[in-house]
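Here are my notes for your read-through. Please go over them with the structure open.

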Amino acid sequence: MNIMGVIVSGRLPQTDFQQVGESQFLFNISDADNINHIVVFLTGAVALPEGMAGAVYFSWPDPNAPPNWQYLGYISNTKPSCIFRISQLKKLNEMQDNPTSNVFGAQPISHIAQIGVSVELEASVVQQTPSVTSVTNYLQFGQKMLENFFNYASSFAVTHSAETFVPLSTLQTWYTNFQRRLQQNPNFWKS
């Protein structure tokens, strides 16, 4: 019985999940590079057990490694559908050195994207932080760091023969100061 489904933006709904564990389900998504949003939903045919929710994960295809699952959010009987923006998750997947989790057991190397739903206690699922937050933080951090670097270095610029130069010692000083500030307060760049 089709208890859940997935809609990939611009495509027909999919309810053809593969059950890979007692409470774990996978959807295979082809041509993943062109996906911006997905919707995961309960069909209403069967309710989830009381106090349970479906933790939704996404994995970009990687021809050299098994799936690297990124938590998106959850669905439940009181929240039977959810739209997830996944276009930025590919950047996060490329930035990570190690898989975040092996939620769905040892899976073979995949050449298609996958959406995994793991039915777990709702109390623990709602406390997890979606991967999209991490993507936003990485992007914001990178932008703030480069802005800080440019402003600092350009204040020490010297013009000579129609060319502008920044002394190498300025770069080293900025790097040392930035590292120190990060150690004192990892979130200083947010203010």
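1. Start with the largest nonpolar core. It has 26 residues, of which Ile38, Val40 and Ile115 touch the most other members. Strands β1 (4-8), β3 (24-29), β4 (37-42), β5, β6, β7 (81-85) and β8 each supply at least two residues of this core. The most come from β8, which gives four residues. Nonpolar side chains tend to be buried together in soluble globular proteins.

2. The model is predicted. Its average pLDDT is 81, and 82% of the residues score at least 70. One stretch needs care: pLDDT stays under 50 over residues 97-101. For residues 97-101 the model has eight contacts beyond four places in sequence.

3. What does Ile38 touch? Leaving aside residues up to four places away in sequence, Ile38 touches Ile7, Val8, Phe58, Leu72, Cys82, Ile83, Phe84, Ile86 and Ile115. Another core, of eight residues, lies apart from the largest one. Among its members are Ala53, Ala55, Tyr71 and Tyr74.

4. Now the sheet. It is open, has five strands and runs in the order β2-β3-β8-β5-β6, with antiparallel pairing. Strands β2 (18-21) and β6 stand at the edges with a single partner strand each, so one side of each is left without a neighbour in the sheet. Direction ignored, neighbouring strands of this sheet are turned by 30° against each other on average. Strands of a sheet pair through backbone hydrogen bonds.

5. Why is β5 largely enclosed by the rest of the structure? Seven of its eight residues are buried, that is, under 20% relative accessible area, so the rest of the structure largely encloses the strand.

6. Look next at the partners of β5. Eight bridges join β5 to β8 (residues 113-121), and the two run antiparallel. Six bridges join β5 to β6 (residues 70-76), again antiparallel.

7. In β8, the bridge partner of Ala53 is Glu120. In β6, Ala53 stands opposite Ser76. Ala53 is also one of the eight residues of the core apart from the largest one.

Definitions and conventions: Residues are numbered from 1 along each chain as its sequence is written. This is a predicted model: local features need pLDDT of at least 70, side-chain atom pairs count only at pLDDT 80 or more; totals for chains, interfaces and linings use all residues. Side-chain values use heavy atoms; hydrogens and water are left out. Buried means under 20% relative accessible area, exposed over 50%, partly exposed in between (1.4 Å probe, protein chains only). Two strands pair if DSSP finds at least two bridges between them. Axes are lines fitted to C-alpha atoms, for helices over the stretch in contact, and angles run from 0 to 180 degrees between N-to-C directions. A nonpolar core is a set of buried Ala, Val, Leu, Ile, Met, Phe, Trp, Tyr and Cys residues joined through side-chain atoms within 4.5 Å. Contact means heavy atoms within 4.5 Å. pLDDT is the predictor's confidence in each residue, from 0 to 100.
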